[in-house]
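Here is a short tour of one protein chain, meant to be read with the model open beside it.

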Amino acid sequence: MKTIHFALVTILLSSCHSATKKELADSENQSETFDWLLGNWERMHEEKGKHTFENWEKVSKNEYTGISFTMQNGDTIKQEKIRLLRQSDHWVLSVKVPEEKESIAFPVTELKSDAFLCTNDTLDFPKQIKYWKNGRKINAKVSGDALEIDFEFERID
């Protein structure tokens, strides 16, 4: 009887241990994907009198939220709510500006441990949004057919 009880406990513990190892591995893979975005960032080389910020938080292993805003003379003149959400087997970047009712979805079409590219060809601008880690900074580029806007951010927290 003790042998059967010991065997059952051993099987139960090893299956829990396997599940925990898999969950940790999945969690580590997910966190490696976008955790480099986390924190408070300020755009470098902004127009005189303007300050643009981007702040990112991790909600869960499947969701990151951000806010981007530009200040001028103490007033917010532009704001975007940003969300990276894992949907089934892919990631989607959603951007919501106050003047629009709905968020605009940009499926992630390329994904690396320190960069990602999102594409929505149904729009005039932007068609693509790209983020990448650049040492201790992050860069972003929004682009359409004939226009590209580059962003370089440095950590402020």
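## R43 and its contacts

Once neighbours within four places in sequence are set aside, R43 is in contact with T52, I149, D150, F151, E152 and F153. Please keep in mind that this is a predicted model. R43 itself belongs to strand β1, which covers residues 39-43.

Is R43 buried or exposed? Its relative accessible area is 18%, and because buried means under 20%, R43 counts as buried. Its side chain also has a polar partner: a polar atom there lies 3.0 Å from the backbone oxygen of D150, and D150 is among the contacts of R43 listed above.

## The chain as a whole

Stepping back, the protein chain holds one helix and ten strands.

The protein chain has 157 residues, and 32% of them count as buried. If you look at contacts with a separation of 6 or more, 30% are made by residues 24 or more positions apart.

Now follow the strands around β6. With β5, β6 pairs in the antiparallel sense, over four bridges; here V95 stands opposite I104 of β6.

β6 also pairs with β7, the strand of residues 115-119, again in the antiparallel sense and over four bridges. In this pairing L111 is found opposite F116 in β7. What joins β6 to β7? A hairpin does, passing through two residues.

## The largest pocket

The largest pocket is worth a visit too: it holds about 740 Å³ of space. Its lining is made up of 32 residues, and those nearest the centre are K78, E80, F125, V142 and F151. Several strands give two or more residues to this lining, namely β2 (50-60), β3 (63-72), β4 (75-87), β5 (90-96), β6 (104-112), β8 (128-134), β9 (137-143) and β10 (148-155).

Which element supplies the largest share of the lining? That is β4, with five residues. Sorted by class, the lining has 18 nonpolar residues, ten charged ones and four polar ones.

Terms used: Residues are numbered from 1 along each chain as its sequence is written. This is a predicted model: local features need pLDDT of at least 70, side-chain atom pairs count only at pLDDT 80 or more; totals for chains, interfaces and linings use all residues. Side-chain values use heavy atoms; hydrogens and water are left out. On a 1 Å grid over the protein atoms alone, a cavity is a set of points where a 1.4 Å probe fits but cannot get out, and a pocket is an open set with protein on both sides within 12 Å along at least five of seven lines; lining residues have an atom within 4 Å of a point. Grid points are joined across faces, edges and corners, and a volume is the space filled by probe spheres set on the points. Ala, Val, Leu, Ile, Met, Phe, Trp, Tyr, Cys and Pro count as nonpolar, Asp, Glu, Lys and Arg as charged, and the others, Gly among them, as polar. Two strands pair if DSSP finds at least two bridges between them. Buried means under 20% relative accessible area, exposed over 50%, partly exposed in between (1.4 Å probe, protein chains only). A polar contact is a pair of N or O atoms within 3.5 Å; within protein, one must be able to donate a hydrogen and the other to accept it, and residues adjacent in sequence count only if both atoms are side-chain atoms. Contact means heavy atoms within 4.5 Å.
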